[in-house]
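Please look over the sequence and the 3D structure shown here.

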Amino acid sequence: MEYVTLALAKGRTAESTIELLNNAGIDFPDFHTKSRKLVFYNTDQTVKLIFVKAVDVPTYVEKGAADIGVVGKDNILESQADIYEILDLKLGRCQFVVAGKPETSLESTQKLTIASKYPTVAKSHFQQKGIPIETIKLNGSVELAPLIGLADIIVDIVETGTTINENGLKIIDEIEDISTRLIVNKASFTTKSALIHELINKLKSVME
């Protein structure tokens, strides 16, 4: 029997995504939040769900290890994966921003050092603006970088901006709105067209 493999990012949007799938009639009876299992099947075995790290979802989908994926736009942009982005699931909404100390200006002619979990996003944003930068990839607490002189500014994701404010930084520029997207492998979109379209339509109907 044919099925589609859906790669889902572990973490905070996983539960809301599972809830969305349930509402669309795609149930995973074995799934519960405390489970350590990484593979689940829905009731009629048409969807195989695999849990992977968020940063890896675009790679799994691009390489065909998963037919479809559910992941934040931030990871899609950073990975630059060659996939189809089909649907905005409108979950986990936040924003890519540039932040720094209040006195920091982006008008400086000198090369800026930027700390970010997302160096690719940072590079492409500043290239478009014609501002020379050097990037430092950090995996956590990027707000610290300007405070200790490791970087001039940061590129990060904010939901409310509280962490930025509490660390004495301010948002200098907004890059892009981020939310959870449904992505599809380009070959699977043709070879498993019926199954994939059925899943997309079910999701669309509950979202409307």
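The sections below go through the packing of this predicted model.

## The six-stranded sheet

Six strands form an open sheet in the order β2-β3-β1-β4-β11-β5. The pairing is mixed. At the edges sit β2 (39–41) and β5 (84–88), each of which pairs on one side only. On average, neighbouring strands are turned by 25 degrees against each other, direction ignored.

Strands of a sheet pair through backbone hydrogen bonds, either parallel or antiparallel. Here, β2 and β3 pair in the antiparallel sense, over three bridges. V39 has I50 of β3 as its bridge partner.

## Helices on the sheet

Two helices that pack on this sheet are described here. The helix α1 touches β1, β3, β4 and β11. Its direction makes about 145 degrees with that of β1.

The helix α8 also packs on the sheet, with contacts to β1, β3, β4, β5 and β11. The angle between the directions of α8 and β5 is about 25 degrees.

## The largest core

In soluble globular proteins, nonpolar side chains tend to be buried together. The largest nonpolar core in this model has 27 residues. F28, L49, F51 and L203 have the most contacts inside it. Elements giving two or more residues to this core are β1 (4–9), α1 (12–23), β3 (47–52), β4 (68–72), β11 (180–184) and α8 (193–207). The largest share, five residues, comes from α8.

What does L49 touch? Leaving aside residues up to four places away in sequence, L49 touches L6, L8, I18, F28, L38, V39 and F40.

## A separate core

Another core lies apart from the largest one. This other core has 15 residues, including V98, F126, I131 and I133.

## Helix α4

Helix α4 covers residues 119–129. Which of its residues are buried? They are P119, V121, A122, H125 and F126. Seen down the axis of α4, these buried residues fall within an arc of 160 degrees, so they line one face of the helix. On the other side of α4, Q127 and Q128 are exposed.

After α4 comes G130. The phi of G130 is positive, near 70 degrees.

Definitions and conventions. Residues numbered from 1 in each chain as written. Predicted model: local features only at pLDDT ≥ 70, side-chain atom pairs only at ≥ 80, totals over all residues. Heavy atoms only, no water. Core = buried A, V, L, I, M, F, W, Y, C linked by side-chain atoms within 4.5 Å. Buried < 20%, exposed > 50% of the residue type's maximum accessible area, 1.4 Å probe, protein only. Helix = DSSP H or I, 4+ residues; strand = E, 2+ residues; numbered from the N terminus. Contact = heavy atoms within 4.5 Å. Arc of directions from axis to C-beta. Pairing = 2+ DSSP bridges. Axes fitted to C-alpha atoms, helices over the stretch in contact; angles between N-to-C directions.
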